Structure formats: structure tokens, C-alpha cells
Amino acid sequence: MPFLGQDWRSPGQSWVKTEEGWKKTTADDKNNNVSVESFCVAEQQECFNKENLLFSLSYDMAAKKRKKDMMNNNTKVPYFHREKWIYVHKGSTKERHGYCTLGEAFNRLDFCSAIKDTRRFNYVVRLLELIAKSKLPSLSGVAQKNYMNILERVVQKVLDDQQNVRPIKELLQTLYVSLCGLVQDMGKSVLVGNINIWVHRMENILQWQQQLDNIQINRPTSTGMSLVELPASLQLSIMQCLSDGRDLVSLGQVCPELGALTEDRLLWKKLCQYHFTDRQIRKRLMVSDKGHLEWKKMYFKLSRCYPHREQYSDTLHFCTHCHILFWKDTNHPCTANNPESCTMSLFPQDFINLFNF
């Protein structure tokens, strides 16, 4: 007991043990303590609810913003320019102010129709690949969006035609690797637009890659003679028209007869001499045990060290007289009067270098 004599508690009081000893408390004190504790608990609960509410609101706003960005990116109908030629001015004059940039040229030229043309398809694909490697941040926001729209047209054409699958896979892989590095530098003026839009575009690239991986090339229903049924001399003549050694390797996997023909040393020799110079070939000589040159092995070794020779059925042309950039079949006045004096054909890298000023 806390006391030895008479209980000196008044009505309503009770003894309560505390750290400092026994104390007398009343019912009002208990109610006050309970009310203070309950008030603190209620206040903490209210703060917690406010934090949850703010977190949920911010999360909902971010989700709505992401959805809105995706909807805006998908619902806006892309506009493609269809100009056959543009004037490339590199400085300000009395007649013109400013200069033509790579993004402006990419926007104004008719690349949408060029995709549908078989002669220009590889040219446009190579140009898209070069832009994806290093020039994508230099494009304006409209040009970057136009780039993705044209790329979507290219992928859709490959899926419909079931041709040129490998170069498009390489293009998408190059673009995805570049975007992975550029998205990490968002805020440093490398990409124009919201990061959610670019994340959504990267998801589209992965989806396109999966579609290309799952593509099923249908066998043509033809009643005529196939390649396997042709004489060996004609088969070799057809193989000599191929400019990529990987196509020869794929052709050799069709059947053992074609596989034997694709191992022809003269075939790989012509391929090496077409893509590489004599000096480059002499630096990478490979001799077999029998003393013969291993042209097939040399080709793939040279391919890892030097770029291939580019060939295109149709390219962009540039007139040095009037500074007009145009497609080959455009009726340009300078080419009509003197077709060889002032125009030059531009490879994709030349097109990029034209705007390096």
C-alpha cells in the first residue's frame, strides 16, 4: 500500500503509480489525458490522410498527364510535306534571312513518297540511320516528330511487303540505343518534348522490333520455275547481283546445292573488290593451307574494319549553281539545259554534311 494510515483520498480520486511515485488523480484528469492522447492520435491520422491524399492526387495528375501526352501524340494526324525540291541557303542575304537547317530540309522534302518508291527506299533508310546515330538532337521538335512518323511508315511498309527486314531491324536497334542515352540527359536540351512522349516512342520501337521478329514470310504461289531449278550458271549470275555477303550466306542455307555455289571463291573475290580498295585488301590478306586466298573470310574481316560501298538506284541531287536540293526525276531547269555541269549526286552522308555549317 502507498500509505500506512487513513486513506486521504477525496471522492472521485484514485492512486496512480507513475515514474515519480504514487499520485492522486481524479476522473477529470483521466478524461483530460485520454482527450489529449486521442487528439494527438486524431491529428496524426489527419496528417497521414493528408499525405496520402496529396500523394494520390500527384500520382493521378502524373498518370493523367502521361495519358494526355500519349493521346495527343497518337491522335494528331501527321502532316507530310510533298515538296520535290528546296532551296538550301547557308547564310543571310538581302533577299533571304537565316539559313536552311537539316531539320527544315528533312521536314520539307517529300520523304513520304520516297518510301513507297523502291529505288529510294534504301536511301531513306540509310538517312534515318545516320540521323539516329548523331543528328537527332539537332532536329527541331516538328522534325523529330516527323522523323518518328516516317519511321512508322517505313516499318509498316516492311511488315506489308515482307522485304528489307534486316536493315530495318538494324535501324530500330540503332535508334533505341541512341534514345536510351538521350532520355537520360533530358533537361539538357537534347530532345524536344515531354519525356513521357519519348518513353512511349521507345515502347513503340520495342513493339516494332517484336513484330519484325515474328514476321512470317509467305511462300509465293508461283507455278513457274524456281531458283533451285535453274542451271548452275544462271544461279551464279544471280548471286553476282547480290551486294551483301550476308544475303549470300542466307541463300546458301536454302539447300545444299545453293550452299555449294555460294562457296565459290570467284564470287567472294568480286564482292571484296567491289566494296573495298586494293590497299585495304592487301592489309587483310588471309591465305589457306593450300596457298589460296580465303576471300570469304577476308570479306567478313574487311567488313568489320571498313565501311561498305554504298549503292542506290536514286539519290538526292544538289545544284551548285542555284543551290537547289531535289530528287533525280524532278524537272530542274539546270539539269534540262546542262545536266552534268552543276549538279552532283548526294549520298546520305553527303546530305548530312551539306548542313554542317
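Modeller: Two cysteine sulfur atoms within 2.5 Å of each other make a disulfide. By that rule, this structure holds zero disulfides. The model is predicted, so local features need pLDDT of at least 70, side-chain atom pairs count only at pLDDT 80 or more, and totals for chains, interfaces and linings use all residues. Residues are numbered from 1 along each chain as its sequence is written, and side-chain values use heavy atoms, with hydrogens and water left out.

Biologist: What makes up the secondary structure of the chain?

Modeller: The chain has 15 helices and six strands. Both are DSSP runs, numbered from the N terminus: helices are H or I with at least four residues, strands are E with at least two.

Biologist: Why is Cys-112 called buried?

Modeller: Buried means under 20% relative accessible area, exposed means over 50%, and partly exposed is in between (1.4 Å probe, protein chains only). Cys-112 has 3%, so it is buried.

Biologist: And Cys-241, buried or exposed?

Modeller: Cys-241 has a relative accessible area of 65%, so it counts as exposed. Over the 357 residues of the chain, 34% count as buried.

Biologist: Which residues of α11 and α13 make the contact?

Modeller: Contact means heavy atoms within 4.5 Å. From α11 come Arg-265, Trp-268, Lys-269, Leu-271, Cys-272 and His-275; from α13 come Trp-295, Lys-296, Met-298, Tyr-299, Phe-300 and Leu-302. They divide into eight nonpolar, one polar and three charged. Ala, Val, Leu, Ile, Met, Phe, Trp, Tyr, Cys and Pro count as nonpolar, Asp, Glu, Lys and Arg as charged, and the others, Gly among them, as polar.

Biologist: What makes α4 oblique to α5?

Modeller: Helix α4 (residues 118-135) and helix α5 (residues 141-161) cross at roughly 135°, and their axes come within 11 Å. That angle makes α4 oblique to α5. Phe-121, Val-125, Leu-128, Ile-131 and Ala-132 of α4 meet Tyr-147, Ile-150, Val-154, Lys-157 and Val-158 of α5. By class, this contact has nine nonpolar, no polar and one charged residues.

Biologist: How do you know that α6 is roughly antiparallel to α7?

Modeller: α6 and helix α7 (residues 195-213) pack at about 155°, with their axes 10 Å apart. That makes α6 roughly antiparallel to α7. The residues that meet include Leu-172, Tyr-176 and Leu-179 in α6, and Trp-198, Met-202 and Ile-205 in α7. The contact divides into 15 nonpolar, two polar and two charged residues.

Biologist: Why is Thr-262 called buried?

Modeller: Its relative accessibility is 5%, so Thr-262 counts as buried. Thr-262 lies in the loop between α10 (256-261) and α11. Leaving aside neighbours within four places in sequence, Thr-262 is in contact with Met-239, Leu-248, Gly-252, Leu-267 and Trp-268.

Biologist: What makes Lys-84 partly exposed?

Modeller: Lys-84 has a relative accessible area of 37%, so it is partly exposed. Its place is in the loop between α1 (27-75) and β3 (85-87). The C-alpha atoms of Lys-84 and Asp-329 are 245 residues apart along the chain, yet separated by 9.0 Å.

Biologist: How is Asn-353 classed, buried or partly exposed?

Modeller: At 38% relative accessible area, Asn-353 is partly exposed. Asn-353 lies in helix α15 (residues 348-353). Asn-353 and Leu-102 are 251 residues apart in sequence and 9.4 Å apart in space, C-alpha to C-alpha.

Definitions and conventions:
Axes fitted to C-alpha atoms, helices over the stretch in contact; angles between N-to-C directions. Parallel < 35°, antiparallel > 145°, perpendicular 65-115°, else oblique.
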